[in-house]
Amino acid sequence: MTEDRRFALLLTGLSLVTLGLFAASLLIGPAGLRIGESLNALLFGGAGHEATVLVMREIRLPRAILGLMVGASLGLSGAVLQGYLRNPLAEPGLIGISGSASLGAVLAIYTGMAAALPLALPLMALAGALLAVLVVFAIAGRRGGSLTVILAGIAVSSLAGALVSLALNLSPNPFAALEIVFWMLGSLADRSMQHVGLAAPFMLVGWLLLAGAGRGLDALTLGEDAAAALGVRLGRVRLLAVVGTALAVGAATAVAGAIGFVGLVVPHLLRPLVGAQPSRLLPASALGGAALLLASDLAVRLIAPDRDLKLGVVTALVGAPFFVWLVLKTRRETL
Amino acid sequence: MSLLDVQNLSVRLGRTDVLHSVSITIAPGEVVGLIGPNGAGKTTLMRAALGLAPRTGGDVAISGEALDSLTPGERARRVAWLPQEREIAWPIAVRRLVALGRAPYRTGFEALSAEDQRAIMQAMEQTGVTHLADRPATALSGGERARVLIARALAQAAPLLLADEPTAGLDPGHQIDLMQTFRGMAGNGQGVLASLHDLGLAARWCDRVVLLYAGRIVVEGAPSEVLTPDRLRAVYGIEALVRTDDGQGLTVLPVGRSGV
């Protein structure tokens with residue numbers, strides 16, 4: 001089957017690109033280390049090179065791992081949500097997850113908890129994401145279809161956005177406000193292995209749940225009624241999609257801030273390459289998201305290493321024009 | 001044993017009673033036409049029989065087993081459903097769309113079995129969409145899409161098929177092809193319940209016709225017993241030519257609104 005071969009080829013290609021970007025992420029940075037020296041320090045440590053070992057193991061490695069995991073989480077959950085909601089505009093932000101996670105983090109900064117306890121920020125962000133799921137389900141009801149999930153998500157996003165604005169509005173001093181704004185732009189700078197350890201378990205469970213939705217998403221191509229008649233448990237698919245997104249994207253937002261456009265653009269871009277089949281889009285989007293995020297994080301370091309350019313700014317700068325191109329392409333096709 | 005046995009089914013949607021104590025059975029080898037004006041409750045009857053719409057009263061058994069005791073997968077292997085909405089969300093290839101009909105027989109992401117492949121090929125041949133196999137399903141005309149979705153339901157190869165207005169949007173040739181496909185399925189011992197607005201098709205191709213009006217079954221029986229001019233006038237408000245003398249079986253042709 002040529003179609004299966006093409007799919008295998010695509011996944012192999014995406015894996016290689018991701019791997020290459022991961023390696024580049026490890027080897028490129030302001031410290032200007034030589035490649036051999038870097039790898040040696042990373043893999044074997046080594047006496048007399050404590051500084052290099054520190055840079056590699058404590059700064060670059062967590063940053064590269066987080067780029068990989070955050071990107072995969074955003075790409076995968078974007079693909080699942082687009083499939084579940086049968087809406088090419090769906091993305092993790094749409095159902096209120098990113099907004100609520102941001103709110104949790106902002107509260108941690110605002111109350112000073114983040115300054116007192118470093119892990120308070122990611123933990124509060126995760127709590128925000130999980131709370132959002134409960135609220136979305138409470139609003140959407142037990143038998144609610146995908147449209148009610150979207151509406152509930154929009155309600156939760158709006159409320160979270162309003163509360164973030166309120167925190168900014170009432171912030172005690174300009175520095176606190178600036179810290180909140182900067183955090184919300186999204187970044188992978190200065191993250192530690194502690195962040196990796198905190199986010200990884202949630203993301204892994206989230207990925208497993210999201211992957212479990214794959215077959216149900218294929219059947220949903222025919223609409224909810226036809227899918228249900230094909231034996232798909234719609235409530236289960238909904239649970240997998242929403243809780244999986246909350247865990248993966250909640251953890252991603254917790255450690256990296258709100259990073260937009262990856263979850264929206266990556267599934268779009270890859271859909272034609274997998275024959276538009278929702279289940280096949282999942283692994284492709286996970287890899288594509290990881291590659292895009294690693295590339296953006298490299299761009300952040302290469303373009304303006306001394307200006308602390310924020311990752312979320314770069315993804316939006318790349319994403320928005322791309323999205324316009326996508327709209328124009330769609331317009332041509334429907335004419 | 002009947003393929004579908006609905007007893008005293010009542011359904012309320014919101015505050016409206018849509019069905020009042022409706023009973024209907026489908027035996028193996030039967031093509032049954034479900035007719036009635038818009039809003040009579042045809043779609044709700046079929047959705048409730050599948051467990052997709054909540055019922056407020058009554059019992060449903062599929063192939064002799066109570067609907068509520070069947071898992072969704074077991075139910076999907078016993079009855080296929082062709083909804084009226086012809087939704088195709090993504091531009092997936094026709095072949096892959098039809099293959100979705102095999103979902104109830106597959107676990108995980110295993111490859112299609114030889115039997116799956118055979119059912120898919122046969123279904124595409126029956127609806128005349130084999131030549132479209134590699135086209136994106138969303139790029140097809142309305143009638144072609146309809147035939148692709150019918151092929152999906154046929155590929156499910158369930159003993160019973162419930163189809164909601166399956167002939168809508170098909171040209172006359174493909175309408176006749178579809179009714180012949182239903183007859184062929186009946187010949188193999190399968191059963192079909194199809195809601196139809198084309199009374200001529202119902203008259204000519206169905207073993208039995210069930211006339212639903214305002215949530216109640218007015219009458220059911222052979223087409224010649226159900227489709228009488230008086231009854232069509234009372235239920236649809238139409239004048240119809242009903243003829244049996246041309247050697248072609250029953251012909252029903254609506255010709256105008258009845259004066260009130």
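Okay, before anything else, one definition: two strands pair here if DSSP finds at least two bridges between them. Keep that in mind, and keep in mind too that this is a predicted model.

So, the sheet in chain B. Asp5(B) sits opposite Ala61(B), a residue of β4(B). The strands involved are β1, residues 4–13, and β4, residues 57–62, both of chain B; they run antiparallel and five bridges join them. Zooming out, this is an open sheet of four strands in chain B, ordered β2-β1-β4-β5, with antiparallel pairing. At the edges you find β2 (16–26) and β5 (65–66) of chain B; each has a single partner strand, so one side of each has no neighbour in the sheet. And what packs on the sheet? That's helix α1 of chain B, residues 42–49, which touches β1, β2 and β4 of chain B. The direction of α1(B) makes about 115 degrees with that of β1(B).

Now over to chain A, where we have 15 helices and zero strands. On overall dimensions, a compact globule of 335 residues would have a radius of gyration near 20 Å, and chain A agrees, because it comes out at 20 Å. Along the principal axes, the C-alpha atoms of chain A fill a box of roughly 65 × 55 × 35 Å. Of the 335 residues in chain A, 53% are buried. If you take the chain A contacts with a separation of 6 or more, 77% of them are between residues 24 or more positions apart.

Next, the cores. The largest nonpolar core has 154 residues, and those touching the most other members are Val70(A), Ile35(B), Val98(B), Phe182(B) and Leu227(B). Which helix gives the most to this core? Helix α3 of chain A, residues 50–85, with 17 residues. Leaving aside residues up to four places away in sequence, Val70(A) touches Met203(A), Ala252(A), Val255(A), Ala256(A), Ile259(A) and Leu293(A). Apart from that core lies another one, of 33 residues, including Ile24(B), Leu45(B), Leu50(B) and Val60(B).

Last stop, Ser285(A), which you'll find in helix α14 of chain A, residues 278–303. Buried or exposed? Ser285(A) has a relative accessible area of 0%, so it counts as buried, the cut-off being under 20%. Around Ser285(A), again not counting residues up to four places away in sequence, the contacts are Gly75(A), Leu76(A), Ala79(A), Val266(A), Pro267(A) and Leu270(A).

How values were computed: Residues numbered from 1 in each chain as written. Chains lettered and ligands numbered in written order. Predicted model: local features only at pLDDT ≥ 70, side-chain atom pairs only at ≥ 80, totals over all residues. Heavy atoms only, no water. Helix = DSSP H or I, 4+ residues; strand = E, 2+ residues; numbered from the N terminus. Contact = heavy atoms within 4.5 Å. Axes fitted to C-alpha atoms, helices over the stretch in contact; angles between N-to-C directions. Rg over C-alpha atoms; globule rule 2.2 N^0.38 Å. Buried < 20%, exposed > 50% of the residue type's maximum accessible area, 1.4 Å probe, protein only. Core = buried A, V, L, I, M, F, W, Y, C linked by side-chain atoms within 4.5 Å.
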